[in-house]
Amino acid sequence: MIPLSWYLILAAGLFCVGLYGALARRNALAILMGIELMLNAVNLNLVAFWRYLTPNLISGQVFVLIVLAVAASEAAVGLALIISIYRRRSTVAAEDIDMMKW
Amino acid sequence: MTTTQFVFLITGAVTLGAALMVVLSPRLVHAALWLILSLAGTAVLFVLLEAGFLAVVQVAIYIDAIAILIIIVIMLTRRVMIRGDTQITRNWWLGAISALILFVGLLILLNMMPIMAIDTLPTIADADQTLKDLGRSLVDVDRFILPFEVASILLLAALIGSIMIAWPLSGQAESEGDQ
């Protein structure tokens with residue numbers, strides 16, 4: 001039998017790897033991939049808690065579906081922004097997109 | 001060690017290793033492929049947790065839609081940052097330190113929680129019934145119809161918004177039409 005703690009530790013590790021990716025990469029696309037990893041780790045946590053603590057309440061799975069919908073729309077809008085920035089400024093490096101920085 | 005523990009350890013190691021390759025790989029296309037492997041590992045973990053429907057949704061939405069979209073955008077923008085340029089920021093060690101601090105902090109926090117001792121899996125009476133319940137609860141007025149509808153409006157807004165944002169520049173569109 002797998003203890004709940006294994007899932008939680010794995011999800012914590014995945015989240016921190018995604019956080020490092022979002023903080024350390026220069027490419028906006030790589031940052032977006034880091035954010036997807038973080039959302040994925042949260043989903044793993046939610047499913048593990050649902051399975052071990054409240055398997056008879058369905059709310060855990062519903063939460064996961066809502067997070068998936070948010071992740072999908074976030075990816076779509078983020079990638080559209082990256083394409084638009086690339087067309088206008090020919091760069092996808094996050095540090096070069098500084099028109100709003102004073 | 002039981003079989004499920006063995007499967008969990010293998011899948012967890014693959015998922016975590018693939019996630020590390022996503023953030024460390026210098027080539028973006030490779031990073032996206034590692035991302036697919038990591039997401040597939042999570043789908044296997046969902047199956048281990050007896051959430052089969054979510055595993056299918058994970059494959060259909062994350063791998064089919066999001067990862068493919070990311071790969072397409074990488075190919076559209078691959079002329080920049082392909083070589084010469086370093087892929088990590090100057091202050092990458094700050095990100096590494098904060099991620100490490102967060103991980104250690106999470107471990108300490110998890111150790112203080114009583115739920116960490118849970119190692120028995122409550123039985124699910126009927127997996128089909130769980131899936132039916134999930135479907136009904138999403139359209140039940142007393143339960144989750146409001147988040148469901150908000151999610152659908154969010155998806156519609158993201159759809160229209162991304163089309164608007166990614167629309168070609170007017171001058172560019174005309175010059176492309178001339179060619």
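I count two residues as in contact if their C-beta atoms, placed from the backbone, lie within 7 Å. I take helices (H or I, at least four residues) and strands (E, at least two) as DSSP runs, numbered from the N terminus.

Before reading anything off, I noted that this is a predicted model, in which local features need pLDDT of at least 70 and side-chain atom pairs count only at pLDDT 80 or more, while totals for chains, interfaces and linings use all residues. Residues are numbered from 1 along each chain as its sequence is written, and chains are lettered from A and ligands numbered from 1 in the order in which they are written.

**Chain A**

I looked up the elements of chain A and found three helices and zero strands, in the order α-α-α from the N terminus on. The C-alpha trace of chain A spans about 55 × 25 × 25 Å along its principal axes.

Next I checked H1(A) against H2(A), whose axes come within 7 Å and cross at roughly 165°; axes are lines fitted to C-alpha atoms, for helices over the stretch in contact, and angles run from 0 to 180 degrees between N-to-C directions. H1(A) and H2(A) are therefore roughly antiparallel to each other, given that angles under 35 degrees count as roughly parallel, over 145 as roughly antiparallel, 65 to 115 as roughly perpendicular and the rest as oblique. In the contact of H1(A) with H2(A) I find 19 nonpolar, five polar and no charged residues, where Ala, Val, Leu, Ile, Met, Phe, Trp, Tyr, Cys and Pro count as nonpolar, Asp, Glu, Lys and Arg as charged, and the others, Gly among them, as polar.

**Contact of chains A and B**

I then turned to the contact between the chains, which takes 65 residues from chain A and 75 residues from chain B. On the side of chain A that touches chain B, the elements giving two or more residues are helix H1 (4–24), helix H2 (28–53) and helix H3 (59–89), and H3(A) gives the most, with 22 residues. By class, that side of chain A has 47 nonpolar, 12 polar and six charged residues.

**H2(A) and its partners in chain B**

H2(A) packs with helix H2 (residues 28–48) of chain B at an angle of about 5°, their axes 11 Å apart, and the two are therefore roughly parallel to each other. I listed the residues that meet, including A:Met33, A:Leu37 and A:Leu44 in H2(A) and B:Leu35, B:Leu39 and B:Phe46 in H2(B). The contact of H2(A) with H2(B) has 13 nonpolar, three polar and one charged residues.

With helix H3 (residues 52–76) of chain B, the axis of H2(A) comes within 11 Å and crosses at roughly 175°, which makes H2(A) roughly antiparallel to H3(B). Here A:Leu29, A:Leu32, A:Met33, A:Glu36 and A:Val47 in H2(A) meet B:Leu54, B:Ile66, B:Ile70, B:Val73 and B:Ile74 in H3(B). I read nine nonpolar, no polar and one charged residues for the contact of H2(A) with H3(B).
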